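My notes follow in the order in which I checked them.

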Amino acid sequence: MATVELRFSALPEHVRTARLVAAAVARRAGVDEAVLDEVRLAVGEACSRAVGLHQIGGISAPVKVLLIEEEKQFSIEVGDEAPHAVAGEGGAGAGTGDPDGEADEDEMGLAVISGLVDDVEVSAGEHGGLIKMTWPTTPPPTILV
């Protein structure tokens, strides 16, 4: 299992770099070429969401992206350190200046990711959130000499 870890300052201009790195590693891991655009878009959306949460919360910690190559799958985990409301504590966006607008934008971003990725898991708590996206891989062909 190979893992690439990418950390970047929570600035929008770094999202493009994260997208490019994710697509390159996904290609090397064996993700189908036809799916690479979806990988780029999903990673861009997840990273943009994390950057926005960090900026809104005034968090200086970097956004973390893990690119994990396993035997038959490739996973990307995008983590933020923004505190998320836990169910029953006021809903998404609790404690922010514009809970309805931010919650709607957050839900829209998650909906876009869910539309692009068949296997997605979202977890969040008071110490941050994590979006894990997984795609199947095909092993490289065996060349007999």
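I began with Arg 27, which is partly exposed because its relative accessibility is 42% (buried means under 20% relative accessible area, exposed over 50%, partly exposed in between, with a 1.4 Å probe and protein chains only). I noted that this is a predicted model, in which local features need pLDDT of at least 70 and side-chain atom pairs count only at pLDDT 80 or more, while totals for chains, interfaces and linings use all residues. Residues are numbered from 1 along each chain as its sequence is written, and side-chain values use heavy atoms, with hydrogens and water left out.

I then found that Arg 27 forms a salt bridge with Glu 33, with 2.9 Å between the closest N and O atoms; the term stands for a side-chain nitrogen of Lys or Arg within 4 Å of a carboxyl oxygen of Asp or Glu. My search of the whole structure gave 5 salt bridges, and one of them joins the side chains of Arg 7 and Glu 5 at 2.7 Å, N to O. Glu 5 is partly exposed, at a relative accessible area of 45%.

I next turned to His 127, which counts as exposed because its relative accessibility is 67%. Leaving aside neighbours within four places in sequence, I listed Asp 80, Glu 81 and Ala 82 as being in contact with His 127 (heavy atoms within 4.5 Å). Between His 127 and Ala 82 I noted a C-alpha to C-alpha distance of 6.5 Å, although they are 45 residues apart in sequence.
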